Amino acid sequence: MSRQVAALPAGADPRRPGRTLKNVWLAVLLLFLLLPWLGIGQYPLHLIIIALIWSYIYTSWAVMGRLGMVSFGHGAFMGIGAYSVVLLWNLHGITPWLGALTGVLLSLLVALVIGYACFRFRIIGHYFALVTLALSEVVRLVIIALRDYTGGSLGITPKPGLADGATASLYAMQFSDRTVWFYIALGVWLLGLVLWKLADDHPSRRALQAISEDEDAAASIGIPVAHTKLGITLLSAGMTAFGGVLYAQYQFYVNPDTVSGIAISLQMVFGAIAGGMFVRLGPTVGAMFLLALSETLRVLIGNEHHGVDMTVYGALLILFIIFMPRGILGTLLQRRA
Amino acid sequence: MDSIFDIFLLEAVINGLLLGGLLALLSLGLNLIFGVIDVVWICYAELIMIGMYTIWWLHVPQGVTLWLAFPAAVLLVAVLGLALHYFVIRPVLAAEPINQLLVTGGVLFFLQALATVIFGIDFRNLGVRLPGFSVGDMYFSSSRLLAFGVAVAAIGATWWFLRKTFTGVAIRAISQDRSIMPLMGVNPNRIYLVTSAIGGGLAGLAACLLVLQYDVHPAIGLSFGPLTFLICVMGGLGNLIGGFVAAFVFAQFISVGGFLFQLEWGYVIAFAFFIAVMFWRPQGIFARSSR
């Protein structure tokens, strides 16, 4: 979404900034809605869908990450979502809609148990990061260990549910047309932003801010610390699990290493941080940035050099955290203000 | 049937003990750095990976003897540790603690991807296999025994260094009170650099032992990195003895759990045990009483 950000200052009306800003947003959104009809080709459309799905997942992480709860365990929730939906469909023929519900509920349960214990026993900072890291490894290893059902490290593909000649099956949540996926991904991404806004408007938002600055002080003025933190954690975990569902149904293949474990958890953390986890569109900017970077490098140096994009990304992350900890969008907005 | 089961269980227990020595060495450097600088190097396992590649590259394509390749790797990783502190950690020492954790996460990505660029994604090995040996019906690998011996020796040497040398005492003093030491004429920045170099050197030593047992590939750090952090946390971050004991506890879970069920279940049980312990003793089993 870096394009939108660049458009903001140019279109802003100094006399009525709020209203003009809103119009600009609407115009950009409308343009975006028409995207599949502008003849941009299948591959760019695929990239945009992937970017939207990751934007949503990074946003889900940042909903709690921005409040000082840096979780290295969101791979667990994504993995639970992705594998619930695929396994229920493949083994029992249960529609992915119910599978998605199961996945979200399961990850809420896990988040409840781990979150409650962590917050009750005041596990914060490094310790919280490392406990959640253990959680994401547990989920990855369980998926691998249950290889008789999950296919282990080789991953698993959902059974095709499309009738001959059909391009879409609502029951199987399978669509062969990318345009449909584009609108689904766009809708879910917008939903993620709306949920962020709702969490911001919720009365507990100020309590969370206080907690993130000083837990003891917050507790001393009567804020129910564990309870308040648990609420935002459940929201974030449930959102992430649904991101896993979306990823599994769109990519049509899941693998323990691409949906769970430490690597994917770190990817979420750093995607959100690179874009700027304190602003609502920050995680989206992070996802777009990573995709733009890897695609640019792919075009420039070709496919045969594995890892160059991640090397540059890793180096940039180090520089970001040292020199602009508020991320790309966060720093841009701060400079403008 | 019972007697066979028992002797294999004993084999698993002894193998767990040998694995424990290796895990103790893996976590030693990380723990030392945390205790002194108060920073968790999330990329610690990636430093070990670089060490393993160094040994492989020197020995296999370059034909250098292992007796030279091992010290070279230890030296290189020690210098890497120094550079990591100087260029990456120092600028964020005053920032929020979580930023220090995150910045080394960036280093993790960077090193992993750099190894992919340089060495590709193939699995590499030295082609050296130490012979195994058997005691009664039980079979053990001698590289594991060697690793155990070197690990215990290295831990002993670190212990001696921290107790008996001036620099070692200064390191321990800094870890107890970082504000008063400058007044006593100790330069904390120098101590941090020395500690980082020692931590890196220990990672290099771990690389020498690991490369004898395992193939090296760019993502290998992810396979034992999490385990290393959890051992340190469970022992109480910065508590060397706690980390040592925790390493053996973890190793038994993995070895015996893997023997009774399946390798992955051994890890699952170990990690689940870790989570449970954190709720019981959030600062680790052997939390320092001063905190």
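In this predicted model, the largest nonpolar core comprises 197 residues, and L25(B), A207(B) and F250(B) have the most contacts inside it. Helix α1 of chain B, spanning residues 2–37, gives the largest share of this core, with 14 residues. When residues up to four places away in sequence are set aside, L25(B) touches A151(B), A154(B), I155(B), L202(B), L205(B) and A206(B). In soluble globular proteins, nonpolar side chains tend to be buried together.

F250(B), named above among the residues with the most contacts inside the core, also takes part in the packing of two helices, where it is one of the α9(B) residues met by α8(B). Helix α9 of chain B covers residues 240–260, and its axis runs 7 Å from that of α8(B), at an angle of about 125°. Because angles over 145 degrees count as roughly antiparallel and those from 65 to 115 as roughly perpendicular, this pair is classed as oblique. The crossing of α8(B) past α9(B) is right-handed. On the side of α8(B), the residues involved are L227(B), I231(B), C232(B), M234(B) and G235(B). These meet G242(B), G243(B), V245(B), A246(B), A247(B) and F250(B) in α9(B). Sorted by class, the contact between the two helices contains 8 nonpolar residues, 3 polar residues and no charged residues.

Helix α8(B) also contributes to the contact between the chains. This contact draws 39 residues from chain B and 40 residues from chain A. On the chain B side, α4 (97–119), α8 (220–235) and α10 (263–280) each provide at least two of the residues that touch chain A. Of the chain B side, the largest share comes from α4(B), which supplies 15 residues. The class composition of the side of chain B that touches chain A is 32 nonpolar, 6 polar and 1 charged residues.

One residue of chain B in contact with chain A is I275(B), whose contacts, leaving aside neighbours within four places in sequence, are V131(A), A134(A) and L135(A). I275(B) belongs to helix α10 of chain B. It has 19 C-beta neighbours inside 10 Å and therefore counts as partly exposed, since a buried residue needs 20 or more. The C-alpha atom of I275(B) lies 9.1 Å from that of M234(B), although the two residues are 41 apart along the chain. M234(B) is itself among the α8(B) residues that meet α9(B).

Definitions and conventions. Residues are numbered from 1 along each chain as its sequence is written. Chains are lettered from A and ligands numbered from 1 in the order in which they are written. This is a predicted model: local features need pLDDT of at least 70, side-chain atom pairs count only at pLDDT 80 or more; totals for chains, interfaces and linings use all residues. Two residues are in contact if their C-beta atoms, placed from the backbone, lie within 7 Å. Helices (H or I, at least four residues) and strands (E, at least two) are DSSP runs, numbered from the N terminus. Ala, Val, Leu, Ile, Met, Phe, Trp, Tyr, Cys and Pro count as nonpolar, Asp, Glu, Lys and Arg as charged, and the others, Gly among them, as polar. A residue is buried if 20 or more other C-beta atoms lie within 10 Å of its own, exposed if 12 or fewer, and partly exposed in between; C-beta atoms are placed from the backbone. A nonpolar core is a set of buried Ala, Val, Leu, Ile, Met, Phe, Trp, Tyr and Cys residues joined through C-beta atoms within 7 Å. Axes are lines fitted to C-alpha atoms, for helices over the stretch in contact, and angles run from 0 to 180 degrees between N-to-C directions. Angles under 35 degrees count as roughly parallel, over 145 as roughly antiparallel, 65 to 115 as roughly perpendicular and the rest as oblique. A crossing is left-handed if the near helix is turned anticlockwise from the far one by less than a right angle, and right-handed if clockwise.
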